[in-house]
Amino acid sequence: MSRLLFLVLGVTSASVLIMFGFFIISSYTELFKNTTQSDYNFEYEYAYRSLQTAGKPSETERFNNGRFYPASDEAIEFYVIAVEPDSEFLTIRDGKSELLPNGQTNMTSALADRLGAKAGDTLSFVNKQDGREHSFHIDAIAASHVQGIYMPLADFNALLGYPDDSYIGLWSNASLDIPQRELAGAKVMSELSGSIDKMLGPLIGAMGAIIFVACIVALIILYIVTSLLIEENRRTISLFKVFGYKGREVKSLILNSSTFVVIFSFIISIPIVFAAMGTLYDYIGKMINIVLPKTINPMFILACFALILVTYQLSKAICARNVNSVSMGEALKAGSE
């Protein structure tokens, strides 16, 4: 029982470590790439240094924003993004994948979960810029991993006392000729994807190292347990050979005895890693105001299972020499003694 318990704990720990790496990769990919590509349908974003009231160029959409936080917890900061009510550049959906209109106030599910808010609530938040408190009536909850609120541009300007048609930036699918001195910043969404890839590169490398170490740990544990199994059953192995069992049959009987334990250990590692990552992500979300999606690509789970099986097969191949080294004479010697 002690050997089986050691095997279960070892394979489970290794599986958790391997899936931890895959979990991180899946979560960051979902957050930075899929969320950006699904919610925002424009190529260029231009942010001005100050509020603009002049008419907008054709084929563009105006937006405004501000940073807010609950009066009871200044650590929870988020952006309120104000868009034109007929905006085609912002497409957000609810939990049922139904498109939400931009002519209403929509809170992201990440922020709603953290605040315990729901559709129909009226909440008060403090504007970080001027320290004034403002009330927001939440019409719907949008499925998003980013904490924030989306609302109509006119309502936002009226709420903060800005001129009716004022805006802080423009969204466009065409490059605009705006003097650099007037801009606080500019984004090209297609380049943003490349920047994300560069940022994910070192992360994937680090996670790859963790996965490699976990495989080595699993190999060592499996080798130790299998070697102990062979040592404890040397007489049985010898008797098999005396009774005429072929070498591959003996190795199959001895070395495959842990297969179901290895599979069981991997299966129980799945809920463990989900529970552990959920706790870790909740903690991280409170620190950086971004809720990482608790998700892992099913193909990664299959890849993890494949790595565990390959490691198991490798340990059996290494230990096969120990089985071959057991002679028939050991059983005869033990019988004579």
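Colleague: Is Cys215 buried or exposed?

Modeller: Cys215 is buried, with a relative accessible area of 14%. Buried means under 20% relative accessible area, exposed over 50%, and partly exposed in between (1.4 Å probe, protein chains only). This is a predicted model, where local features need pLDDT of at least 70 and side-chain atom pairs count only at pLDDT 80 or more, while totals for chains, interfaces and linings use all residues. Residues are numbered from 1 along each chain as its sequence is written, and side-chain values use heavy atoms, leaving out hydrogens and water.

Colleague: OK. Which cysteine sulfur is closest to the one in Cys215?

Modeller: That's the sulfur in Cys304, 7.9 Å away and too far for a bond. Cys304 is buried too, with a relative accessible area of 0%.

Colleague: Switching to aromatics: how many pairs do you get?

Modeller: The count comes to 14 aromatic pairs. Rings of Phe, Tyr and Trp (its six-membered ring) pair if their centres lie within 6.5 Å; planes under 30 degrees apart are stacked, over 60 edge-to-face, and the rest tilted. One of them is Phe42 with Trp171, which is stacked at 4.7 Å centre to centre, with 10° between the planes.

Colleague: Where do Phe42 and Trp171 sit?

Modeller: Phe42 is in the loop between helix H1 (2-39) and strand S1 (44-52), and Trp171 is in strand S9 (residues 167-172), so the pair ties together parts 129 residues apart in sequence. Helices (H or I, at least four residues) and strands (E, at least two) are DSSP runs, numbered from the N terminus.

Colleague: Which residues make up the cluster around them?

Modeller: Tyr40, Phe42, Phe63, Phe89 and Trp171 form one aromatic cluster.

Colleague: New topic. What does Ser269 touch, beyond its sequence neighbours?

Modeller: Leaving aside neighbours within four places in sequence, Ser269 is in contact (heavy atoms within 4.5 Å) with Thr12, Ser15, Val16 and Met19. Ser269 is in helix H7 (residues 259-288) and is buried, at 0% relative accessible area.

Colleague: Last one: where is Phe6, and is Phe6 buried or partly exposed?

Modeller: Phe6 is in helix H1, and at 38% relative accessibility Phe6 counts as partly exposed.

Notes:
A disulfide is a pair of cysteine sulfur atoms within 2.5 Å.
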